[in-house]
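Hi,

Here is the structure I promised to pass on.

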Amino acid sequence: MERSLRNVLVVSFGFLLLFTAYGGLQSLQSSLYSEEGLGVTALSSLYGGVLLSSTCLPPLLIKKFGCKWTIVLSMCCYVAFSLGNFYASWYTLIPTSIVLGLGAAPLWSAQCTYLTIMGNTQAEKVGKVGRDVVNQYFGIFFLIFQSSGVWGNLISSLVFGQTPTQEAIPEEQLLSCGASDCLMATASTNSTQRPSQTLIYTLLGIYTVTGTRTAALEDQPRPRERVLCTPGPCATFPSSVHLRRLCPHLRRGLVCSGVLAVLLVAVFLEPIKDAQQKDDGEKKLPFWFTLLSTFRLLRDKRLRLLVLLPVYSGFEQAFLAGDYTRSYTTCALGIQFVGYVMICFSATNALCSLLYGRLSQHTGRIALYALGAVTHLSCSVTLLLWRPDPRQLAMFFVFSGLWGVADAVWQTQNNVLYGVLFEKHKEAAFANYRLWEALGFTVAFGYSKFLCVSTKLYILLGVLSLAMVAYGTVEHLEAQSLARSAATEQKKPAKEVVMETAM
């Protein structure tokens, strides 16, 4: 196996282990820690930390420690968040959530920078186009990374599948599902009732040991019991859930995947630097120059036009995780189907990520962006018009699968686009990407409880349309720039011939 591919696999499996440990905890925060809004506050602190770190930390840390050790240090922030859940309180969970947020932007920026440098380096060795190899590497990464959603949702589906067979859903309830859902109804219905507490504790125990993530409990009613562990099996008592009460062997398993991820990257990933980083090291750029590089890059017109792409990425992921699973799947089918629907999304997303990585060198990125835009536009318009019906079971999987097909475009091509267009300022470019994507998540989750689903779909359509117009403008500017460069190159030999003739 070639050295560059081996490093790509190390990064990919490191992220797989890390996010199987972290993803489940993130999805369950608002359900586990409902007392005085601790869970919601923790998530708000987390995203606040992401926004703060995106503004300045990635370029500083990558310049100081390099991509490898920035990834390792940032992974330790995720492990700290898992440790904070051992004895969850305002004094442990909020600080560790902020620490995780501060580490998130450097982690993803370093990962994107590393894959971009590795792809360009390999392309120079084998004589290929740099963006084609970078595309392949991002495809491999997201194939492995996105597969974590398959395993986590499979577990939730099998556990929640143990619920008794439900009665037919009343027609009155179906009328309030889908785009008609304005989150006004508070009554618990047949399909939205919370599963038995025994099943929830079973699921929590499995996730704690395996660290696998799920969206199954997101936005569901809050638990009213806690787990108190004795030398024997865990027993349930009235009150709220606290992970600090989980059995010792479950608590030890909580951080196992995260620690393995840190060790895997620290031991097996090779450090790397590109020519631009070496030149910057020789120049010894001032501290403030590096600190403000994220904002300085916004002076580039292309970046200002491209900020809507990561904003839309945050919007559409938040819609799928929060609104589609709740207002379509859970409302019409029941919570036991959420996992299976999300498996379809994760599987198509992972496979298409690999496919796009190889396909882009033949079709170009414009065709892939067009595919993603048309797919999401079609899905959004159809979701506005379609009324969820349990008798149309296949449609729930068709929508999630198509959503994954388009999401794979945004996850792979956006990262490659930023790396190619801003090759000399990769760290600042990827920091900007994480900043605007985090802002998209924050805004989408912020208005989630106040707007009807139909309004959210109109917002998605509007943001996507604007993002595509802005992206098309950037491609036009790039085409003009390439044409001018080609014309300049053609003029140089002609000038040389004239000079030789004159001599």
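A definition to start with: buried means under 20% relative accessible area, exposed means over 50%, and partly exposed is in between (1.4 Å probe, protein chains only). Before the findings, some ground rules. This is a predicted model, in which local features need pLDDT of at least 70 and side-chain atom pairs count only at pLDDT 80 or more, while totals for chains, interfaces and linings use all residues. Residues are numbered from 1 along each chain as its sequence is written, and side-chain values use heavy atoms, with hydrogens and water left out.

Let's begin with Thr 329, which sits in helix α14 (residues 308–332); helices here are DSSP runs of H or I with at least four residues, numbered from the N terminus. Thr 329 counts as buried because its relative accessibility is 1%. Setting aside neighbours within four places in sequence, Thr 329 is in contact (heavy atoms within 4.5 Å) with Tyr 324, Gly 334, Phe 337, Val 338, Val 341 and Phe 396.

Phe 65 belongs to helix α2 (residues 38–84). Its relative accessible area is 40%, so Phe 65 is partly exposed. Outside the four places on either side in sequence, Phe 65 is in contact with Thr 70 and Leu 73. There are 206 residues along the chain between Phe 65 and Pro 271, yet their C-alpha atoms are separated by 9.7 Å.

Now the helix pairs. Two packed helices are described by the angle between their axes and the distance between the axes. Axes are lines fitted to C-alpha atoms, for helices over the stretch in contact, and angles run from 0 to 180 degrees between N-to-C directions.

How do α15 and α17 cross? The axes of α15 (residues 338–363) and α17 (residues 393–421) come within 7 Å and cross at roughly 40°. That makes α15 oblique to α17, since angles under 35 degrees count as roughly parallel, over 145 as roughly antiparallel, 65 to 115 as roughly perpendicular and the rest as oblique. The crossing is right-handed; that term applies if the near helix is turned clockwise from the far one by less than a right angle, and left-handed if anticlockwise. Residues making the contact include Val 341, Phe 345 and Tyr 356 of α15, and Phe 396, Trp 403 and Asp 407 of α17. The contact residues divide into twelve nonpolar, nine polar and one charged (Ala, Val, Leu, Ile, Met, Phe, Trp, Tyr, Cys and Pro count as nonpolar, Asp, Glu, Lys and Arg as charged, and the others, Gly among them, as polar).

α17 also meets α18 (residues 426–447): their axes come within 9 Å and cross at roughly 145°, again in a right-handed crossing. Among the residues in this contact are Trp 410 and Tyr 418 of α17, with Lys 426, Arg 434 and Glu 437 of α18.

From α16, the contact is made by Tyr 369, His 376 and Leu 383.

α18 has 22 residues and reaches 32 Å from its first C-alpha to its last, close to the 32 Å expected (1.5 Å times one less than its number of residues). 16 of the 22 residues of α18 are buried. In α4 (residues 130–146), the end C-alpha atoms are 24 Å apart, which agrees with the 24 Å its 17 residues should span. α4 is largely enclosed by the rest of the structure, because 15 of its 17 residues are buried.

Cheers

Notes
Helices (H or I, at least four residues) and strands (E, at least two) are DSSP runs, numbered from the N terminus.
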